[in-house]
Amino acid sequence: MKKIEAIISPGKLEDVREALSSAGIQGITVTEVRDFNKQKEHKEIYRGSEYNVSYLIRFKLEAIVPQHLAPKAVAIIVKSGQSGKKEHDKIFVSSVNDVSQVYLNGPGESV
């Protein structure tokens with residue numbers, strides 16, 4: 001099994017998700033993250049107040065896939081996640097030694 005983690009632009013989330021889903025790759029976890037890279041500080045307005053911001057909002061996708069599907073998943077993310085802008089999107093692939101699932105019957109009860 002391989003764990004694929006990809007940091008992508010918010011505007012490309014649906015394109016990547018749809019492309020992965022069309023290829024049969026499901027079970028993706030998405031988290032909003034902040035990228036503190038080399039970009040310059042910029043101003044944003046939130047609820048009428050102006051703030052200096054030194055990060056970019058990004059999305060982190062995580063998926064566990066069989067080893068033979070990992071190259072295909074990476075290629076799909078690269079193709080469908082390209083924004084055409086000079087951004088620092090990243091894809092990490094690592095090995096997963098063990099996966100366990102917990103099924104809950106109800107609050108705090110496992111079977």
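Q: Before counting anything, what counts as a helix or a strand here?
A: Helices are DSSP runs of H or I with at least four residues, and strands are runs of E with at least two, numbered from the N terminus. The model is a predicted one.

Q: How many helices and strands does that give for the protein?
A: The secondary structure comes to two helices and eight strands.

Q: In what order do the elements run from the N terminus?
A: The order is β-α-β-β-β-β-α-β-β-β.

Q: OK, the sheet. What is the strand order in the open sheet of four strands?
A: The order is S2-S5-S1-S6, and the pairing is antiparallel.

Q: Which ones are the edge strands?
A: Strand S2 (29-35) and strand S6 (90-95) are at the edges, each pairing on one side only.

Q: By how much are neighbouring strands turned against each other?
A: The average for this sheet is 20°, with direction ignored.

Q: How many bridges join S1 to S6?
A: Six bridges link S1 and S6, and the two strands run antiparallel. As one example, glutamate 5 has phenylalanine 92 in S6 as its bridge partner.

Q: Where do the helices sit? Start with H1: which strands does H1 lie across?
A: H1 lies across S1, S2 and S5, and runs at about 10° to S5. H2 also packs on the sheet, where H2 touches S1, S5 and S6. The direction of H2 makes about 5° with that of S1.

Q: And the helix pair itself, at what angle do the axes of H1 and H2 cross?
A: Roughly 145°, with the axes of helix H1 (residues 13-22) and helix H2 (residues 70-81) coming within 9 Å. The crossing is right-handed.

Q: Which residues make that contact?
A: From H1, Asp15, Val16, Ala19 and Leu20; from H2, Ala73, Ile76, Ile77, Ser80 and Gly81. They divide into six nonpolar, two polar and one charged.

Q: Let me pick one of those. Is isoleucine 77 buried or exposed?
A: Isoleucine 77 has a relative accessible area of 6%, so it counts as buried, the cut-off being under 20%. This residue lies in helix H2.

Q: What does isoleucine 77 touch, leaving out residues up to four places away in sequence?
A: The list is Ile4, Ala6, Ile8, Val16, Leu20, Gln82 and Ile91.

Q: Which residues of the largest nonpolar core touch the most other members?
A: Ile4, Ile8, Val16, Leu20, Leu61, Val65 and Ile77, out of 15 residues in that core. Strand S1 (2-8), H1, strand S5 (56-65) and H2 each supply at least two residues of this core.

Q: Zooming out, what share of the protein is buried residues?
A: Buried residues are 25% of the 111 residues.

Q: And what share of the contacts with a separation of 6 or more comes from residues 24 or more positions apart?
A: That share is 73%.

Q: Last topic, aspartate 98. Where is the place of that residue?
A: Aspartate 98 is in the loop between S6 and strand S7 (104-106).

Q: Why does aspartate 98 count as exposed?
A: Because its relative accessibility is 61%, and the cut-off for exposed is over 50%.

Q: What separates the C-alpha atoms of aspartate 98 and methionine 1?
A: The separation is 8.2 Å, for two residues 97 apart along the chain.

Definitions and conventions
Residues are numbered from 1 along each chain as its sequence is written. This is a predicted model: local features need pLDDT of at least 70, side-chain atom pairs count only at pLDDT 80 or more; totals for chains, interfaces and linings use all residues. Side-chain values use heavy atoms; hydrogens and water are left out. Axes are lines fitted to C-alpha atoms, for helices over the stretch in contact, and angles run from 0 to 180 degrees between N-to-C directions. A crossing is left-handed if the near helix is turned anticlockwise from the far one by less than a right angle, and right-handed if clockwise. Contact means heavy atoms within 4.5 Å. Ala, Val, Leu, Ile, Met, Phe, Trp, Tyr, Cys and Pro count as nonpolar, Asp, Glu, Lys and Arg as charged, and the others, Gly among them, as polar. Buried means under 20% relative accessible area, exposed over 50%, partly exposed in between (1.4 Å probe, protein chains only). A nonpolar core is a set of buried Ala, Val, Leu, Ile, Met, Phe, Trp, Tyr and Cys residues joined through side-chain atoms within 4.5 Å. Two strands pair if DSSP finds at least two bridges between them.
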